[in-house]
Amino acid sequence: MFKRIDSCAAEFAAITPYMYSTYETPVNGEAECEAKPSDKKKIIILGGGPNRIGQGIEFDYCCCHAAFSLSAQGFETIMINCNPETVSTDYDTSDRLYFEPLTAEDVLEVVRVEQSKGTLAGVIVQFGGQTPLKLANTLVAEGVPLLGTSADAIDLAEDRKRFQVLLNDLKLKQPKNATAMTPDETMAAAKEIGFPIILRPSYVLGGRGMVVVPNEAALKTTVAQGDVFRISGDNPVLIDGFLHHAIEVDVDAIGDSDGEVWIAGIMEHIEEAGVHSGDSACAIPPHSLPKAIIAEIERQTVAMAKALNVRGLMNVQYAVQDGEIYVLEVNPRASRTVPFVAKAIGLPVAAIAARVMSGEKLKTFNLKRPNPNHIAVKEAVMPFNRFPGVDVVLGPEMKSTGEVMGLDENFGRAFAKAQVGAGLRLPHSGVVFVSVKDADKDYALQPVRDLIEMGFEIIATRGTAQFLGENGLEVKQVNKVLEGRPHIVDAIKNGEVQLVFNTTEGTQSLADSFSIRRTTLHQKVPYYTTIAGAAAATQAIRALREGSLEVAPLQSYTS
């Protein structure tokens, strides 16, 4: 017997009795029910469990579309999930819901019940994010059929050493990397790779515990805290060389049992590599990458999908630096970008993937290479104003709790719409405060020059002001908080600043500039903590100054 809180409740059965013919009548008002025999083949879909940062509605979206499309194909769909606030646990999403935890014990018990009442075609673990993916090996060991990519291929993509062998065979590049099980091994590997590095636990979602480490002293502090080892558990800690000012690219693709691969979307991130993909704005199609780079990314994606025998969805993350393409990560599952890609190209990506996983071929869908005549920009929505004391600086650990999309014929206007959707009001004129770290100073010249040409006044702290001045740009110097009043925080509080560009690194620098970022948040002043975001905002401001934004339905872009 399994407890339900919704799908076989008496009130739902009374409303739509035809949907719940598979359930026994609840006893004494309790939501207890059993599966009755069914002639339909069954497919079990594992959800993502409770929502949290990094494991959100995007995966629930995929689970729902899988249930809808498979039901339409004549399968009996069974959802296992334990979140009352998501659509996958609505009473009319699947034929049957088990409101149970996503643990091996609970899932296996449900599988046995369903197998005793009919034919189980298989279990889908690829739509609920990392949580159900971790169960793949256990399910296979217990003789449970999986639909989609095999458990071994999933493990190959997750296992750093096995995956490195695969990439070497395909002659694809990775950033320098290593694995470690102890603090001493971590220190040794980091010295061999060279700083800065990205340190992260294995098998996590949302970049949990991930951190960019600039030097040996910072690594000693991070290792001493022990969080990265605690989160990894029995799995190794992953160490990657950090690529400065690399463009990150996300690709979503679908593979079938014939070895065919369809690339649904290639997304160019606005923020450079090092910011979690869930927090980075991105554009589809890529707005600045050369055609040759895009073609090579497509080739590499197809090669990896075939080598992994992908059945269903696959997400690949690349970094492009100085014309070289590096593979950062491959996830043989749905990603949080799937809903964005589906809306941008006007095709039900998750639904197609589910049908492919159930045995259909890609060629039956007559899919063509997406070639939209518009730009779609996804922007993350941050919850910083709800959490006092949280720093707004973006990094490898995901912080966003939602996202919005802007659509238009060019990048500047699409990005501007995305900012409006995210609650930011970009100024048409006024004062811009600029304070950037040394590594970003050269990259800040063009956005600042563009803003000055548009009539903005620039103020900056001493180091940035001196650099901009030496490069022929008119700028006024303003005090840091530690340099005494009147300082930059006073100016922001007095309404004298309309836009902030602030990039920083290092523990002390982050601490020194924290009050600036919190004040911009409280005063609702638009702020950007990456130089790439600042450049994109400048393009959006130029687009806004050239004319008002027009509103059109989504279908007018994707039809």
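Author: A salt bridge is a side-chain nitrogen of Lys or Arg within 4 Å of a carboxyl oxygen of Asp or Glu. This predicted model holds 21 salt bridges.

Reader: Why is the contact between Lys 191 and Glu 216 called a salt bridge?

Author: The cut-off is 4 Å, and the side chains of Lys 191 and Glu 216 meet at 3.4 Å, N to O, so the pair counts as a salt bridge. Lys 191 lies in helix 8 and Glu 216 in helix 9, so parts 25 residues apart in sequence are tied together.

Reader: What makes Lys 191 exposed or buried?

Author: Exposed means over 50% relative accessible area. Lys 191 has 51%, so Lys 191 is exposed.

Reader: And why is Glu 216 called partly exposed?

Author: Its relative accessibility is 29%. That value falls between the 20% and 50% limits, so Glu 216 is partly exposed.

Reader: How do you know whether Asp 438 and Lys 441 are buried or exposed?

Author: These two side chains meet in a salt bridge of 2.9 Å, N to O. Asp 438, at 64%, is over the 50% limit and so counts as exposed. Lys 441, at 11%, is under 20%, so Lys 441 is buried.

Conventions:
Residues are numbered from 1 along each chain as its sequence is written. This is a predicted model: local features need pLDDT of at least 70, side-chain atom pairs count only at pLDDT 80 or more; totals for chains, interfaces and linings use all residues. Side-chain values use heavy atoms; hydrogens and water are left out. Helices (H or I, at least four residues) and strands (E, at least two) are DSSP runs, numbered from the N terminus. Buried means under 20% relative accessible area, exposed over 50%, partly exposed in between (1.4 Å probe, protein chains only).
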